[in-house]
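Thanks, everyone, for making the time this morning.

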Amino acid sequence: NADELMRHIVELQHRRYFFEKCDNPNWLDLLNKRAAFSTPQEPIKKDGYIQFVGWPESQYLTKVADRKPKDVYEIIKNLTTENQSVLDDFVNASLKSPADIASTYADLIIKNKWMRTSYNRRLPDEIADLMEKLAKEGITEQALRLANELFSIQVDRPVKTPHDETELRYFHPDAKPFFDEWSFGEIIKNKTKELTKIEPVKLFEIYTYKLKDAITFEGRENKS
């Protein structure tokens, strides 16, 4: 009985136990109708630190995404969270979904700016896997949109810093990706093979535009 179950999994430890053990997709609709997936676990922020706690419900969504891909997507598309652990689960659900459903996750990733945070770890790698999956399945437009998002760059605002007792100076702005530069290079080297094979010109154009953005952001135009 789903109503009785909901009364027994109020506490986090009980929900964690149930969703870790449950692999039955038939619970999905029953639990969704009772708003079991309505409130993602948010990050815990304390004393300047942030902790991304796993959400048992999103882990269950990932487990059943291969059997209920459309239903899982319909749940995820209405959720918002800053929890990188939960977003990891959402992208993993896309990877387990058939290509037509997986392609719709690209819109969520871009619209909700899942990747544009200061705390990216696994997420860019997983989004790159989705990009390659879509390219391999022939859904190149969405794959290119993900490439454009993955390879976007940002620049820190110049910081006014004491140079000596009488003068303040600005550091030169440094263009960089939204995640660490080593991972950025590894993704370009190892996770663009399908897209390079299918759409080499359009992918090259993305690289060119991003380089132009970097030059503009850093204020290097027309400088020798």
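What covers the buried residues of α2? In this predicted model, the cover over those residues includes α1, which runs from 2–8, together with α3 and α4. The buried residues of α2 are Arg-15, Phe-18 and Phe-19, and because they take up an arc of only 90° around the axis, they fall on the same side of the helix.

Helix α4 comprises residues 56–64, and it is mostly covered, with 7 of its 9 residues buried. The buried residues are Pro-56, Glu-57, Ser-58, Tyr-60, Leu-61, Thr-62 and Val-64, and their cover includes α2 at 12–21, α3 at 27–32, α5 at 69–76 and α6 at 84–95.

From there I turn to the nonpolar interior. In soluble globular proteins, nonpolar side chains tend to be buried together. Here the largest nonpolar core has 51 residues, and those with the most contacts inside it are Phe-37, Val-72, Ile-76, Tyr-105, Trp-114 and Leu-150. The helix that gives the most to this core is α8, residues 123–136, which contributes 7 residues. If we take Leu-150 and set aside its neighbours within four places in sequence, its contacts are Met-115, Pro-124, Ile-127, Ala-128, Met-131, Phe-179, Phe-184 and Ile-187.

Finally, the chain as a whole. It contains 12 helices and 6 strands, and its C-alpha trace spans about 70 × 50 × 25 Å along the principal axes. Of the 224 residues, 42% count as buried, and if we consider contacts with a separation of 6 or more, 68% of them are between residues 24 or more positions apart. The accessible surface comes to about 13,300 Å², with 50% of that area belonging to carbon and sulfur atoms. As for charge, there are 35 positive and 38 negative side chains, and the centres of these two sets lie 2 Å apart.

Technical notes: Residues are numbered from 1 along each chain as its sequence is written. This is a predicted model: local features need pLDDT of at least 70, side-chain atom pairs count only at pLDDT 80 or more; totals for chains, interfaces and linings use all residues. Side-chain values use heavy atoms; hydrogens and water are left out. Buried means under 20% relative accessible area, exposed over 50%, partly exposed in between (1.4 Å probe, protein chains only). Helices (H or I, at least four residues) and strands (E, at least two) are DSSP runs, numbered from the N terminus. Contact means heavy atoms within 4.5 Å. A nonpolar core is a set of buried Ala, Val, Leu, Ile, Met, Phe, Trp, Tyr and Cys residues joined through side-chain atoms within 4.5 Å. Accessible areas come from the Shrake-Rupley method with a 1.4 Å probe; for residues, only the protein chains shown count as cover. Lys and Arg count as positive and Asp and Glu as negative; His and the chain ends are not counted. The place of a charge is taken as NZ of Lys, CZ of Arg, CG of Asp or CD of Glu. The arc is that of the directions from the helix axis to the C-beta atoms.
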